[in-house]
Amino acid sequence: QGDIVGADSQMVEMKRQQQASQLFQSYADISLATLRGTRGKLADSERYLNEMIASGEARRAPQDAFNATAGIAEINIRYRNRPAEGLAALTAVLVRHPLNSMAALDRPYTDLARLYALAGKPDQAKRYLKEYETSIPAQLRAGDFGYDLATGYVAEAEGRHRDAIVAYRKYYEESGGCGICGLYELGGVYDRIAQPDSALAAYEQLITTPTLNRLNYGFSLAPSLKRLGELYEARGDRKRAAKYYEQFVALWKDADPELQPGVKEVRGRLARLAQEPGT
């Protein structure tokens, strides 16, 4: 329903009630990390992810340790423009838990490929995809929608925007009841190839579709709201631009100091729109 604060409060309470369950604690940690990250609280997000890493290591659950580390890497790549730091975290967790020490189906090849492509390293990303293709039987790969997402990220990193659109569209269509999977990526590609109508449609579908999978796309909410405001402002639709800018400011009003310059910028845009005649 889009109530991020309410979801956060519910998860904090459930985490308190389920202290005896280490498995639930890990689920709560990654959920809270996403909810706090959605609101721009990166330090809180990292804290919960580090708790999940510690829990995963204690339970000898390398997948949990990797998933949490991947979350920290994504924070550094997406929000802080520190791709080297993000990739270093991935390297460190793979030293502790080499891929060949995991069961083949547990190896996070596609997540690694996606993150390396996001960090501007498509060659390394393609190496992980190649290893995935040779290690996992074709009939099992057929049900892994993350492969399409990763190939889209690789295509985008290499400037193959049309190929990226095909991959993201396939990911969206095959992910079934997700409702929003791949829409943020589609909006971004359409944006980059100067198709604002398609970008607007993707971003608006992303933020308005009710789905239980919204938690998996928390990182996309704030930038989608901001970009919707910018796109509508560019086409002279001040009313819609202001609506999305206001939603962005409400979401990130308590964001960490490192993100506040972006909030200040949007507040300035809102102020200018309010002063224009006919608004």
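Reply: Let us begin with accessibility: buried means under 20% relative accessible area, exposed over 50%, and partly exposed in between, with a 1.4 Å probe and protein chains only. This is a predicted model, in which local features need pLDDT of at least 70 and side-chain atom pairs count only at pLDDT 80 or more, while totals for chains, interfaces and linings use all residues. Residues are numbered from 1 along each chain as its sequence is written, and side-chain values use heavy atoms, with hydrogens and water left out.

Me: Why is arginine 192 called exposed?

Reply: Arginine 192 has a relative accessibility of 53%. The limit for exposed is over 50%, so the term applies.

Me: What makes arginine 192 and glutamate 156 a salt bridge?

Reply: A salt bridge is a side-chain nitrogen of Lys or Arg within 4 Å of a carboxyl oxygen of Asp or Glu. For arginine 192 and glutamate 156 the N to O distance is 2.2 Å, so the pair qualifies. Glutamate 156, at 17% relative accessibility, counts as buried. The pair links distant parts of the chain, with arginine 192 in helix α11 (residues 183–192) and glutamate 156 in helix α9 (residues 146–157), 36 residues apart. Helices (H or I, at least four residues) and strands (E, at least two) are DSSP runs, numbered from the N terminus.

Me: Why is the pair of arginine 82 and glutamate 85 called a salt bridge?

Reply: The closest N and O atoms of arginine 82 and glutamate 85 are 3.7 Å apart, and the limit is 4 Å, so the term applies. Arginine 82 is partly exposed at 38%, and glutamate 85 is partly exposed at 43%.

Me: How many salt bridges does a search of the whole structure find?

Reply: The search finds 29 salt bridges. One of them joins glutamate 158 to arginine 160, with the closest N and O atoms 2.8 Å apart. Glutamate 158 has a relative accessible area of 30% and is partly exposed. Arginine 160, at 33%, also counts as partly exposed.

Me: What makes the link between the side chains of arginine 80 and glutamate 258 a polar contact?

Reply: A polar contact is a pair of N or O atoms within 3.5 Å; within protein, one must be able to donate a hydrogen and the other to accept it, and residues adjacent in sequence count only if both atoms are side-chain atoms. The side chains of arginine 80 and glutamate 258 make such a contact at 3.1 Å. Arginine 80 is found in the loop between α4 (62–79) and α5 (83–96). With a relative accessible area of 15%, arginine 80 is buried.

Me: Why is the pair of tyrosine 116 and tyrosine 128 called tilted?

Reply: Rings of Phe, Tyr and Trp (its six-membered ring) pair if their centres lie within 6.5 Å; planes under 30 degrees apart count as stacked, over 60 as edge-to-face and the rest as tilted. A search of the whole structure finds 11 aromatic pairs. In the pair of tyrosine 116 and tyrosine 128, the centres are 5.6 Å apart and the planes stand at 45°, so the pair is tilted. Tyrosine 116 lies in helix α6 (residues 109–118) and tyrosine 128 in helix α7 (residues 122–135), so the pair ties together parts that are 12 residues apart in sequence. Tyrosine 116 counts as buried at 10% relative accessibility, and tyrosine 128 is buried at 10%.

Me: What makes the pair of tyrosine 232 and tyrosine 244 stacked?

Reply: The planes of tyrosine 232 and tyrosine 244 are 10° apart, with 6.0 Å centre to centre. The angle limit for stacked is under 30 degrees, so the term applies. Tyrosine 232 is in helix α13 (residues 218–234) and tyrosine 244 in helix α14 (residues 238–252). Tyrosine 232 counts as buried at 6%, and tyrosine 244 is buried at 4%.

Me: How do you know that the charged end of arginine 47 sits over the ring of tyrosine 48?

Reply: A charge sits over a ring if NZ of Lys or CZ of Arg is within 6 Å of the ring centre and within 35 degrees of the ring normal. The charged end of arginine 47 is 4.6 Å from the ring centre of tyrosine 48. Arginine 114 lies over the face of tyrosine 153, at 5.7 Å from the ring centre.
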